[in-house]
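These notebook entries record what I looked up in the fold. I began with the sheet and then turned to the core and the chain totals.

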Amino acid sequence: MAASVLDDRERFPRPIVLVIVGAIAAATLLALFWPALPFNEGRRIVLSPTKVGVITRQIENAGAAGREGAPAPDFEWIAPSGARVSLGSLRPKGVVVNFWATWCEPCKKEMPLMDRAAAEHPDVVFLAVDLDEDGDRIRTFFDQIGLQRLEPLLDVDLVTTKRYAVLSLPSTFFVDAGGTIRHVRIGEMDREKLQRGLDLIIR
């Protein structure tokens, strides 16, 4: 055993070992500090390259619950642009939070209706919160149906879905300018049902 170790040391002289160790250390430091280098300023890692927002944080707000009359549970997401946005930051606009999935047939039927309503009501933000599916699949779904005004968000691990106590799809929450849920609609909506909810959050 001692002879073998001695042979290894003779095959790798100390200067060469120092060069190898130094190269590994330099590569490690470069990997750690690369994002902070001056020429990388302005380059941000975008977590949603498929043009789908990704919910990354839950924001605790007193009394929040997924029911009428309660403050809407707040959450933050990273938009496709890389910007961080939260439900609370959208005030004083009204918000429609729709929970859906690509495999949900009633969701597929009502989403074009909501997309048109989003175009008709620029003072209301329509968020389509998907139940933790693949971002490419969500984007393909939107493109195939031709949805342009709904904002797709990915709910990783269904954390937001659970905070809103969603039990079936689609489920839609109408949030007023003050952040309070004014109406909850479970199941597919037609134009009349959608307008009923919008009337409660549009001033």
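I worked from a predicted model. I found an open sheet of 8 strands with mixed pairing, in the order E3-E2-E1-E6-E5-E4-E7-E8. Strand E3 (84-86) and strand E8 (181-186) are at the edges with a single partner strand each, so one side of each has no neighbour in the sheet. On average, neighbouring strands of this sheet are turned by 30 degrees against each other, direction ignored.

I followed strand E7 (residues 171-175), which runs antiparallel to E8 and is joined to E8 by 5 bridges. I noted Ile-186 in E8 as the bridge partner of Ser-171. Helix H3 (residues 105-120) packs on the sheet, where it touches strand E4 (94-100), strand E5 (124-130) and E7. The direction of H3 makes about 165 degrees with that of E4.

Which residues touch the most other members of the largest nonpolar core? I found Phe-126 and Leu-127, in a core of 47 residues. Elements that each supply at least two residues of this core include strand E2 (74-78), helix H4 (135-145), strand E6 (151-154) and helix H6 (191-199). Leaving aside residues up to four places away in sequence, I listed the contacts of Leu-127, among them Phe-75, Trp-77, Asn-98 and Glu-151.

I recorded 6 helices and 8 strands in the protein chain. Of its 203 residues, 41% count as buried. Among contacts between residues at least 6 apart in sequence, 66% join residues at least 24 apart. The accessible surface comes to about 11,700 Å², and 58% of it belongs to carbon and sulfur atoms.

How values were computed
Residues are numbered from 1 along each chain as its sequence is written. This is a predicted model: local features need pLDDT of at least 70, side-chain atom pairs count only at pLDDT 80 or more; totals for chains, interfaces and linings use all residues. Side-chain values use heavy atoms; hydrogens and water are left out. Two strands pair if DSSP finds at least two bridges between them. Helices (H or I, at least four residues) and strands (E, at least two) are DSSP runs, numbered from the N terminus. Axes are lines fitted to C-alpha atoms, for helices over the stretch in contact, and angles run from 0 to 180 degrees between N-to-C directions. Contact means heavy atoms within 4.5 Å. A nonpolar core is a set of buried Ala, Val, Leu, Ile, Met, Phe, Trp, Tyr and Cys residues joined through side-chain atoms within 4.5 Å. Buried means under 20% relative accessible area, exposed over 50%, partly exposed in between (1.4 Å probe, protein chains only). Accessible areas come from the Shrake-Rupley method with a 1.4 Å probe; for residues, only the protein chains shown count as cover.
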